[in-house]
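Dear colleague,

Please find below the structure that I am handing over to you.

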Amino acid sequence: MTSAVVYEKSGHVARITLSRPAVLNAMNLAMHEQLAEIWDDFEHDDDMWVAVLSGAGDRAFCVGQDLKELERRTREGTAEPSTFGSRGKPGWPRLTERFRMAKPVVARVHGYALGGGFELALACDVIVAAEHAEFGLPEARMGLIAGAGGVFRLTRQAPLRVALGHLMTGRRMSTARAYELGLVNSVVPAEELDTCVDGWVEDILRCAPLAVRAVKEAALTSVDLPLEQAFATRYVWEERRMHSDDAAEGPRSFVDKRTPRWQGR
């Protein structure tokens with residue numbers, strides 16, 4: 001059986017490609033099961049410092065849930081009513097619910113990022129999009145809800161009224177508009193997408209991996225905390241960074257006028 005996800009490792013980079021281009025990389029249950037194993041491996045492999053998530057083909061990053069599969073399962077009586085989150089379902093915890101994953105994930109968006117596809121992108125740390133990409137959460141138009149975090153993340157990452165407008169209408173958003181709202185880090189012509197993604201990855205790898213994880217964990221954990229409490233909170237990855245060899249390597253390499261040799265410990 002053809003894999004629904006391609007997982008490749010090179011150096012310190014994991015490349016994860018949703019691979020159902022004939023259906024615009026719609027996510028079925030088999031894909032979710034494969035993704036869970038892949039994310040587990042990425043999280044636990046100490047040699048993997050950053051992941052790039054993309055969609056196969058040139059038409060879509062991902063258009064979300066495989067609605068044909070959902071309709072069939074509903075008709076057969078094997079699909080239970082669903083709401084927020086994926087607990088108890090194949091592939092749990094999905095990327096959208098891996099709240100403690102500190103390693104950085106870069107989304108490479110080429111074409112449509114709709115429904116669960118947009119929710120996947122919103123769960124990533126950096127989004128690089130081609131100029132022609134389109135974003136949207138059309139669930140309400142089908143009697144559904146953006147239950148993989150779209151309702152929660154979009155209202156946190158975009159102005160509330162703007163987010164509600166898109167959530168309640170299913171209207172799509174251009175890449176230019178997404179960039180204007182701060183939802184996308186870089187927008188480039190399609191032919192420059194891979195180069196731009198590689199640039200972000202290279203810049204991340206220039207930093208100490210434990211420092212990157214400490215930044216991500218502290219930023220996401222403290223975003224809703226009062227400033228005083230944010231300073232007083234203890235962060236797991238910051239504790240590791242603080243006592244790491246890399247924390248000494250950075251200043252040492254500066255004094256020695258050489259490129260730091262990060263070890264991730």
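**Charged pairs**

Aspartate 203 has a relative accessible area of 44% and is therefore partly exposed (buried means under 20%, exposed over 50%, and partly exposed in between, with a 1.4 Å probe and protein chains only). The model is a predicted one, in which local features need pLDDT of at least 70 and side-chain atom pairs pLDDT 80 or more, while totals for chains, interfaces and linings use all residues. Residues are numbered from 1 along each chain as its sequence is written, and side-chain values rest on heavy atoms, without hydrogens and water.

Aspartate 203 meets arginine 206 in a salt bridge of 2.4 Å, N to O (a side-chain nitrogen of Lys or Arg within 4 Å of a carboxyl oxygen of Asp or Glu). Arginine 206 counts as exposed, at 53% relative accessibility.

In total, the count comes to 18 salt bridges. One of them pairs lysine 9 with aspartate 41, with the closest N and O atoms 2.6 Å apart. Lysine 9 lies in strand 1 (residues 5–10) and aspartate 41 in helix 1, so this bridge ties together parts 32 residues apart in sequence (helices, H or I of at least four residues, and strands, E of at least two, are DSSP runs numbered from the N terminus). Both partners are partly exposed: lysine 9 has a relative accessible area of 40%, and aspartate 41 has 31%.

A further bridge joins aspartate 125 and lysine 216, whose closest N and O atoms are 2.9 Å apart. Aspartate 125 is in the loop between helix 3 and strand 7, and lysine 216 is in helix 8 (residues 209–222), so parts 91 residues apart in sequence are tied together. Aspartate 125 is partly exposed at 30% relative accessibility, whereas lysine 216 is buried at 12%.

**Aromatic rings and the core**

There are three aromatic pairs (ring centres of Phe, Tyr and Trp, the last by its six-membered ring, within 6.5 Å; planes under 30 degrees apart are stacked, over 60 edge-to-face, the rest tilted). Tryptophan 39 and phenylalanine 42 form an edge-to-face pair, because their centres are 6.1 Å apart and their planes stand at 75 degrees. Both residues belong to helix 1 (residues 29–44), three residues apart, or about one turn of the helix, and both are buried. Phenylalanine 84 and phenylalanine 152 make a tilted pair, with 4.7 Å between centres and 45 degrees between planes. This pair links distant parts of the chain, 68 residues apart: phenylalanine 84 is in the loop between helix 2 (67–76) and strand 5 (105–109), and phenylalanine 152 is in helix 4.

The largest nonpolar core has 43 residues, and Trp39, Phe61 and Leu183 are among those with the most contacts inside it (a core is a set of buried Ala, Val, Leu, Ile, Met, Phe, Trp, Tyr and Cys residues joined through side-chain atoms within 4.5 Å). Helix 1 gives the most to this core, with five residues.

Which residues lie in the loop between strand 8 and helix 4? Alanine 140 is one of them, and methionine 142 is another. Methionine 142 is partly exposed, with a relative accessible area of 44%. Alanine 140 is also partly exposed, at 42%. Alanine 140 and glycine 170 are 30 residues apart in sequence but 6.4 Å apart in space, C-alpha to C-alpha.

With kind regards
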